[in-house]
Amino acid sequence: MQQQSNRNIRLALLGAAHSLNHSLFVIAPPLLGLIMSDLGITKSVIGAVATVASLIYGVGALVGGPLGDKIGEARTITLSLFFAGLSTFIMIAAGFTRSIYVYALALVLMAAWASLYHPTANSLISKVFKGRTAESMGLHGVGGTLGVVLTPTVAWFIGAAFGWAWAFVAFGVLCIWLALLFVKSFGETKNKNDNAGTILDALKIRELWILLIFNVAIGLFMKGVELFFPTYLKENRLVDPMWASVAYTMILAAGVPGQWIGGKAADKVGSKKVLIATSTGVCLSLLSLLFIPIYIVGILLFIALYGLSFYAHQPALNSLTGFLSPQNQRGAVFGIFFFTSFGIGSLSQLAAGAIADTYGLDMAFYVLTIFALIALVLAFRLPEKREDKEGTME
C-alpha cells in the first residue's frame, strides 16, 4: 500500500512538472499581439524566433534522454525544472529593452533546459508502471494538460495587467518551486547506468523508423497550429482576443479526457488502432475549421475534435515507443522521438509564419492540414505491439 502511495505521489509530481514544462511554451500565443507590438516585429520574425527555440527544445531532447539514462531520470528532471524557471527572468530585461534579441535569448535558454524533461519522464514511466504503461502515460499527460488548460487565459490576464514579461516569470517561479519538491521526493533515487545506450545505438532499432517518420508528420502540423491558432481566430474569424485565448484553453481542456481515453484505449485495444482513430480526428477537425461556412460551428468542432484526438494520440504513441526499445536505451529513444516531433516539426512555425505573411493564415492552415493527412496515411503502417496486465509483451 505504501509503495503504491509513493508511486501515485511521484506520478502526480511528474504530472505537475509536465504541466509547467508545456506552460512555458503556451504563454506566448495569447500574448503574441502584445509581444509583437512591444518589440516592433512581424509574424515572420516571431515565427522564426519560435522556430529556433522549438528546434533547440527538440534537439535538447537528444541530450536529455541519454543524460537521464546515465545520471538518473530524477536528477535530470530537477535540473530541467530549476534552470528553465530561472531563464524566464531574462524576459524582464527583454520587456525593458524592447529587444527581440533579448527575448530570443530568454526563449532559447528556456527551451534548452526544458528540453531535458520529456524523454526522461517518458523513460521513467515506461520502466516503473509496467502492465499499465499506456494508462500511466495518459495520466501523466492528464496531469500536465490540467495545468496547461489554464495557462493561456492566466497568461493573458497577467500580461494584460502587468506586462507580458511577468507572465513568463510567474510560471518560472513555479518551476523553481517544483524543482525543490523533486529534490525532496526523489533525492534518494539512484539509478545511474554505466551501460546506457547512445543515440546511434537507438537509431539502429529498425522497427522505430516508421514511428519516427509518423512523429515528424505530427510535428509539422502541431507546432504551427499551437503558435498561430489564437491569431487565426482573431484575424480570419474576427474573434475577440480574449475569446481567442479562451478557445485555445478549451482545446487543452478537451485534451484532459483525451489523454486518459487514449491511454486506457491503447492498453485495451492496442496503440495502432488508437493512432489511426486519433489521426482521423485531427484531419476532420482541421477540415471543419477551414471549410464549414458557419464559423462558430467549425470552431467548436475543431476545438472538440482536435483537443480529444491530438492529446489521445500521445500516451498511445509513447507506450508503443517504449515497447519497441530496450530499457538501457529508452531515454535515448525517447530523446530521438521528441526531437523528430518538436525539433524537426518546429519548422512548421517558420513555414506557417512566412506563408501567413505572404498568402494569409488560411493558406498556412491548408498546408498544416496536408501534413495531418500524411500522418493519417502513415498511421496505417505502424507496427502493432502491446503488453498484458503483467507487463509481458504480446
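Biologist: Is Cys-283 buried or exposed?

Modeller: Buried means under 20% relative accessible area, exposed over 50%, and partly exposed in between, with a 1.4 Å probe and protein chains only. Cys-283 has a relative accessible area of 4%, so Cys-283 is buried. Cys-175 is buried too, at 1%.

Biologist: What kind of model is this?

Modeller: This is a predicted model: local features need pLDDT of at least 70, side-chain atom pairs count only at pLDDT 80 or more, and totals for chains, interfaces and linings use all residues. Residues are numbered from 1 along each chain as its sequence is written, and side-chain values use heavy atoms, with hydrogens and water left out.

Biologist: How many disulfides are there?

Modeller: A disulfide is a covalent bond between the sulfur atoms of two cysteines. The rule here asks for a pair of cysteine sulfur atoms within 2.5 Å. By this rule the count is zero.

Biologist: How do I read the cavities, and how many are there of 30 Å³ or more?

Modeller: Take a 1 Å grid over the protein atoms alone. A cavity is a set of points where a 1.4 Å probe fits but cannot get out; lining residues have an atom within 4 Å of a point. Points are joined across faces, edges and corners, and the volume is the space filled by probe spheres set on them. The structure holds six cavities of 30 Å³ or more. The second largest cavity has about 260 Å³ of space.

Biologist: Which residues lie nearest the centre of the second largest cavity?

Modeller: Glu-226, Tyr-248, Leu-252, Phe-310 and Tyr-311, out of 19 lining residues. The lining divides into twelve nonpolar, six polar and one charged. Here Ala, Val, Leu, Ile, Met, Phe, Trp, Tyr, Cys and Pro count as nonpolar, Asp, Glu, Lys and Arg as charged, and the others, Gly among them, as polar.

Biologist: Which helices each supply at least two residues of that lining?

Modeller: Helices are DSSP runs (H or I, at least four residues), numbered from the N terminus. Helix 1 (2-23), helix 9 (133-162), helix 12 (209-236), helix 13 (241-269) and helix 15 (295-323) each do.

Biologist: Which residues have the most contacts inside the largest nonpolar core?

Modeller: A nonpolar core is a set of buried Ala, Val, Leu, Ile, Met, Phe, Trp, Tyr and Cys residues joined through side-chain atoms within 4.5 Å. The largest has 117 residues, and Tyr-103, Trp-164 and Phe-221 have the most contacts inside it. Helix 12 gives the most to this core, with 13 residues.

Biologist: Where is Phe-129 found?

Modeller: Phe-129 is in the loop between helix 8 (117-128) and helix 9. Phe-129 is buried, with a relative accessible area of 4%. Beyond four places in sequence, Phe-129 touches Arg-7, Leu-11 and Ser-136. Phe-129 and Leu-11 are 118 residues apart in sequence, yet 9.7 Å apart in space, C-alpha to C-alpha.

Methods
On a 1 Å grid over the protein atoms alone, a cavity is a set of points where a 1.4 Å probe fits but cannot get out, and a pocket is an open set with protein on both sides within 12 Å along at least five of seven lines; lining residues have an atom within 4 Å of a point. Contact means heavy atoms within 4.5 Å.
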